[in-house]
Amino acid sequence: MRKLFFLVLGLVLFAGQVLAQSRTVTGKVTDANGSPVPNVSVTVKGSTAGTTTSSDGTFSLSLPADAKTLVFSGVGLASIEVATNNRTIFDVTMGQEDRNLQEVVVVGYGTQRKKDLTGSVASVKGSSISNLPVQSFEQGLSGRAAGLSVTMPNGALNTPPVIRVRGVNSISLSSFPLVVIDGVPAFTGNFGGTASNNVLGDINPNDIESVEVLKDAAATAIYGSRAGAGVLLITTKKGRQGRARVNYDGWVGWTSPFNLIEVLNAQEYTDLKNEGLTNAGTPPVPAPGTPARGFFTQTGPDGKIVDTRWYDFIYQTGLSQSHSVNVSGATDRTQYYVSAGYTDQEGMIKKNDFKRLTTRLTLEQKVNSWITFGGSLNYTNS
């Protein structure tokens with residue numbers, strides 16, 4: 001009996017020591033807006049102990065005796081390390097992870113760190129061109145990538161641009177670069193110096209995540225002869241980890257001609273022409289009964305001289321507006337992005353206008369660890 005008593009007493013003392021060395025902590029993870037963030041990994045640094053946050057962002061974790069730091073991490077979120085300091089409640093705010101597109105670039109067959117890149121690739125963030133008041137995003141690329149020249153051949157809205165990558169290079173009588181949208185080549189015409197249709201005008205600039213310009217043989221090797229004039233790799237946006245986010249972008253403006261040269265009216269014009277006849281020795285003859293010679297004005301039913309100001313028939317004050325809204329988000333299994341855009345632009349010349357209605361749906365579903373399916377649906381009316 002005495003041996004049994006000391007055995008039980010030893011077990012009790014050992015259990016009390018273990019409980020004294022470990023403790024259970026709780027907490028909640030939220031984003032910058034105060035919304036709970038689910039599926040965040042909470043681990044003890046240097047240990048295998050860990051857990052994940054529930055749908056309301058809360059968690060509970062038993063800490064080992066030597067735990068000093070908790071690590072909070074999640075997809076699309078910036079990792080945070082928090083010292084325990086004998087605390088039992090942790091309220092953590094996590095922000096989005098900002099990836100620098102100068103460090104990771106698309107090279108046609110995947111992504112690669114910029115310091116490991118041997119080909120010539122120029123990268124432009126979508127955020128740098130999405131807020132520009134342009135018809136289509138390629139106009140905003142001008143001056144943002146070395147070796148890329150973008151010019152508009154005329155003032156007609158939605159006209160195909162003239163894009164040149166390191167000058168004029170052609171193997172199929174076309175100098176327009178190959179356009180690849182999310183890995184799918186787009187048709188831009190095969191003949192002539194410019195594209196036969198403005199496929200880039202059908203893309204909402206606010207849906208673009210990044211644009212890579214492939215400029216040399218090493219970067220364009222995967223596309224063969226189609227890349228003789230360079231390649232534009234366009235990557236569209238996808239949902240990011242966290243609850244649904246709603247974004248709106250819009251602008252309104254107007255276009256009107258300025259510094260127009262004032263021209264002669266009808267009376268001033270006829271006077272000038274008749275003065276020229278006089279200087280040439282054949283003055284005008286307005287007298288009745290003789291053949292009329294010279295230039296004369298006409299009067300309307302109201303008795304006033306008929307005078308047309310052609311500026312009023314050609315020019316106008318064009319109103320332009322653009323609106324875009326998108327909803328995006330992601331969980332541990334589902335990633336979605338839905339957007340709609342409307343653009344209505346009027347030029348300063350009458351009958352020169354451009355309207356575009358775009359919708360986009362991108363969905364990706366993870367079934368299990370080795371099956372993931374998804375797709376993208378686009379509709380454009382312009």
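Predicted model: local features only at pLDDT ≥ 70, side-chain atom pairs only at ≥ 80, totals over all residues.

1. Residues are numbered from 1 along each chain as its sequence is written, and side-chain values use heavy atoms, with hydrogens and water left out.

2. The protein chain has five helices and 21 strands (DSSP runs numbered from the N terminus, with helices being H or I of at least four residues and strands E of at least two). Of the 382 residues in the protein chain, 34% are buried (under 20% relative accessible area, with exposed meaning over 50% and partly exposed in between, for a 1.4 Å probe and protein chains only). Among contacts between residues at least 6 apart in sequence, 55% join residues at least 24 apart, where contact means heavy atoms within 4.5 Å.

3. The largest nonpolar core has 20 residues, and those with the most contacts inside it are Phe-137, Leu-141, Leu-148 and Leu-200 (such a core is a set of buried Ala, Val, Leu, Ile, Met, Phe, Trp, Tyr and Cys residues joined through side-chain atoms within 4.5 Å). Two or more residues of this core come from each of strand 10 (121-125), strand 11 (148-151), strand 12 (162-165), strand 15 (208-214) and strand 16 (231-236), and strand 15 gives the largest share, three residues. Leaving aside neighbours within four places in sequence, Phe-137 is in contact with residues including Ile-129, Leu-200, Pro-205 and Ile-234.

4. A second, separate core of 18 residues includes Val-37, Phe-59, Leu-63 and Phe-90. Val-29, placed in strand 1 (residues 23-30), is buried with a relative accessible area of 0%. Beyond its neighbours within four places in sequence, Val-29 is in contact with residues including Val-37, Phe-59, Phe-72 and Met-94. The C-alpha atoms of Val-29 and Thr-58, which are 29 residues apart along the chain, are separated by 6.4 Å.

5. The structure holds two cavities of 30 Å³ or more, a cavity being a set of points, on a 1 Å grid over the protein atoms alone, where a 1.4 Å probe fits but cannot get out, with lining residues having an atom within 4 Å of a point. About 40 Å³ of space lies in the second largest cavity, a volume being the space filled by probe spheres set on the points, which are joined across faces, edges and corners. Strand 18 (318-330), strand 19 (334-346) and strand 20 each give two or more residues to the lining of the second largest cavity. Among the lining residues are Tyr-342 and Arg-356, whose C-alpha atoms are separated by 5.8 Å. Arg-356 is found in strand 20 and is buried, with a relative accessible area of 4%.

6. The second largest pocket has a volume of about 350 Å³, a pocket being an open set with protein on both sides within 12 Å along at least five of seven lines. This pocket is lined by 16 residues, of which Ile-181, Asp-202, Ile-203, Arg-360 and Asn-378 lie nearest its centre.
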